[in-house]
Each structure stands twice: as C-alpha cells, then as structure tokens.
Amino acid sequence: GMRIKLKIRTKLLLSILTVTAIVYASSLGYLSYKLQDISLKRSKELANAYSRENANLTKANLNVDMDMTRGLTHSFSGIKSIQKNQQKNDIFRALRGVAIENPGFLSVWVNFELSTLDSTYKKDYGRYRVTFWRENGELKQKEEVLNTDGDNTESAYYKMKVSKQETVLDPYLFTYLEGGKPVLETSVCVPLVENGKFLGVFGLDLSLERFQPIIESIHPFKNSYAYLKIGRA
C-alpha cells in the first residue's frame, strides 16, 4: 500500500508543479507584456510632450511673422481708393521696406486681384503679383500678371481666395527665377478682404532652415529624431 500511495503523491506533486510552472510562466509573460506596454505608453507620452513643447516654440516664432503680415495687409485696406498711378509706388515701397528691415525672410510678396487695382477690369480672375526676395545677399524684385485665362483651382492662391482665411502653407519647393536653385520653404499668408470680397493676399516666405536648430535639439530618446510638419490648424 505504501508504494502505491507514494506513486500517487508523486504524480500529484508533479501535476501541481507543472500547473504552477505554467501559471508562473504565464504570469511572467503577462507582466513582461504589461511592463513593455506601460514603457511604450510612457515613451509615447514623453515624445508627445516634447513635440508639443517645441511645436509651441515654432508656433510662437510663426505668430510674430503672422502679426507682421497682418500689419502689412491692414496698411492696404484702402487700396481701392488710392489713385491708380500711386498704387504701385505704395506697394513697392511697403514691400521693399519690410524686406530691407527683415533680412531673415526669403521674400515678401503680394497678390492683388486685377479688379482690385483696376475698376474697369470686370473678370473674377487674373492677378498682379509683386515679389521682393534675396539672392546671394542681394535684394531683387519682380512684378507679374498671372491667371489672365482663368484661376488655377489647384493653387494655394485660389484656395485662399475661396477660404479668405489666414494660412501657413505646408512646406514646398519654390524657385524665384527660372533656372534658379529651388528652396524648401513655408509661407505665412494674410488675405485682404473688404465687405466679404477677396481683394488679394500678402505673404512672407520663410526657409525651413530657420527652424532647423529647434528640430535638431529634440532628442527625447537615443537614436530618435524629429521632423517638422507645418499646416493650418
């Protein structure tokens, strides 16, 4: 009887140990998974906190530029009452002044609907653009008449014409002169609107290199990196 009882107890003990081992292994696996899940969650929270903090720095920087663009736009709120032969002089003088005083801007520009500057022009498309920009340290300027055959409905200009909203454009490549070097930039844009009618839009172009020091300083984790995405909220 003793041998039989011993075997039964041994088998029972082995069974208990086996079940215990399985439960213990499962518990360790679950605990490891939870710790990993918690660690990942905290990492994401930390990364988001870094992103928010530095995004606010970039936003504050852009707000200064937006305020300057607003001031420039508001200074032309009476453009339609200015004599036609004086309009261009005022436009060039204002843009040149901003460009000279702010060498950090890639360019300063304005687009006016042709009907804004010429009351005899009755079409709802066609625009006049003036741009001041820096190239190799030299301030340059040009004026253009565009879209006389109709608006480009895919363009940023047309979208602002329809929305009548202040805009920070997503980063894009732009060349100021044909054959020139493309520049990766963004623009802060403020439409000129009177009595609900879109008259034009003023803007500043900013190189993304300007934000590089902020981006390069963001390293919440080893081997991590940050990138910049700018857009209208």
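**Close-up views of a predicted model**

**View 1. The buried face of helix H4.** Helix H4 spans residues 156-163, and its buried residues are Tyr-157, Met-160 and Lys-161. Seen down the axis of H4, these buried residues fall within an arc of 105°, so they line one face of the helix. Residues three or four places apart in an α-helix point the same way, because each turn takes 3.6 residues. The buried residues of H4 pack against S1, S2, strand S4 (167-168), S6 and S7. Just after H4 comes Lys-164, with a positive phi of about 60°. Like the other views, this one shows a predicted model.

**View 2. The largest nonpolar core.** This core holds 28 residues. Phe-76, Ile-91, Leu-95, Val-108, Phe-112 and Val-130 touch the most other members. At least two core residues come from each of these elements: helix H1 (2-74), helix H2 (84-101), S1, helix H3 (114-117), strand S2 (127-135), strand S6 (183-194) and strand S7 (197-207). H2 gives the largest share, five residues. In soluble globular proteins, nonpolar side chains tend to be buried together.

View 3. Leaving out residues up to four places away in sequence, Val-130 touches Ile-91, Phe-92, Leu-95, Val-108, Trp-109, Val-110, Lys-142 and Glu-143.

**View 4. Asn-136 in its loop.** Asn-136 is found in the loop between S2 and strand S3 (138-146). Its phi is positive, about 55°, although Asn-136 is not a glycine. Is this residue buried or exposed? Asn-136 is exposed, with a relative accessible area of 80%.

**View 5. Asn-195 in its loop.** The loop between S6 and S7 contains Asn-195. Asn-195 is not a glycine, yet it has a positive phi of about 55°. Its relative accessibility is 86%, so Asn-195 counts as exposed.

**View 6. Confidence along the chain.** The mean pLDDT of the protein is 78. Of its residues, 64% reach 70 or more. Among the elements, strand S1 (residues 107-113) has the highest mean pLDDT, 97. The lowest, 53, belongs to helix H5 (residues 212-216).

Terms used: Residues are numbered from 1 along each chain as its sequence is written. Side-chain values use heavy atoms; hydrogens and water are left out. pLDDT is the predictor's confidence in each residue, from 0 to 100. Helices (H or I, at least four residues) and strands (E, at least two) are DSSP runs, numbered from the N terminus. A nonpolar core is a set of buried Ala, Val, Leu, Ile, Met, Phe, Trp, Tyr and Cys residues joined through side-chain atoms within 4.5 Å. Buried means under 20% relative accessible area, exposed over 50%, partly exposed in between (1.4 Å probe, protein chains only). Contact means heavy atoms within 4.5 Å. The arc is that of the directions from the helix axis to the C-beta atoms.
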